[in-house]
Amino acid sequence: MEQMELRYTAIIVLYNKKIENSITCKCINKIAGININIIIVDNSETDQKNESACQNWGYQYLSMNGNKGLSKAYNAAIDTIEADIVILFDDDTNVTAEYFRTLNDAVIENPNIDIFAPIVYGQDGMIYSPNEFNFLKNHFISSPDQAIDPNKFNAIASCLAIRMKVFKNYRFNELLFVDQVDQYFFYEQRKLHRTFMKLDTIISQNFYQRGTKLTAENGWRRMKLRIKDIMRHAKLMGGIRYKVLGFIKCCGLSIQIGRKSRS
């Protein structure tokens, strides 16, 4: 793979996982010739010995001293970055060399675009990102070629590439912990009239809620976090309408989790 001309920094957030067990890290290590700075932000609740592993791998290490959520993890890393493009990653993404090639070409050929999002398929074959925002339920596209209204452009955080100028006077809202972080980020970026681009490359992602094996314990533990985030998101959006929609959304997701986990 040819050396990238611009300065790229990838933020990989780890949660209760050793770096050598991260699918994202293993994928990136297999890609020859890639020239990007890697920051590991460790949100683990127990010591995974990742600091010494990062030294061996040549990665920058940043400990959050416990799980502080995605917003705080992203912001802590962004505060240390000197780059042209910031890429956000979960720790379990099957990222490919094609993704980096396509991204680099798009960034160079489209200097007017602020935020780049690849096509992300879930394990059920549906395209989950990018999509069109709707607070109650986002509208998913049915094919990679389907157009997205720029006034509703929305995407998940993992594999999102963002020009550093976006963060000149902006940080992720730290009231949100995990599930609504990306939704509110795009809401604010649309208000700021940022420009978005759907990348012509495909990423496969395993979403916990879409998996075939979801235990009641894991499902409800995650749901407790989602309820807090959804209602905080609703409050940030403002007005009684969003508070009612937030309540409806929490009820619907709870029913979905209950059915999925047979609880």
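1. Helix 4 (residues 97-109) has 13 residues, which at 1.5 Å a residue should span 18 Å; the end C-alpha atoms are 18 Å apart, so the two values agree. The expected span is 1.5 Å times one less than the number of residues. Helices (H or I, at least four residues) and strands (E, at least two) are DSSP runs, numbered from the N terminus.

2. This is a predicted model: local features need pLDDT of at least 70 and side-chain atom pairs pLDDT 80 or more, while totals for chains, interfaces and linings use all residues. Residues are numbered from 1 along each chain as its sequence is written, and side-chain values use heavy atoms, with hydrogens and water left out.

3. Strand 4 (residues 85-89) is largely enclosed by the rest of the structure, because five of its five residues are buried. Ile85, Ile87 and Phe89 lie on one side, Val86 and Leu88 on the other.

4. Strand 4 pairs (at least two DSSP bridges) with strand 1 (residues 8-14) through five bridges, running parallel. Four bridges join strand 4 to strand 10 (residues 160-163), and these two run antiparallel. Phe89 is the bridge partner of Ile12, and Leu160 in strand 10 is that of Leu88.

Notes:
Buried means under 20% relative accessible area, exposed over 50%, partly exposed in between (1.4 Å probe, protein chains only).
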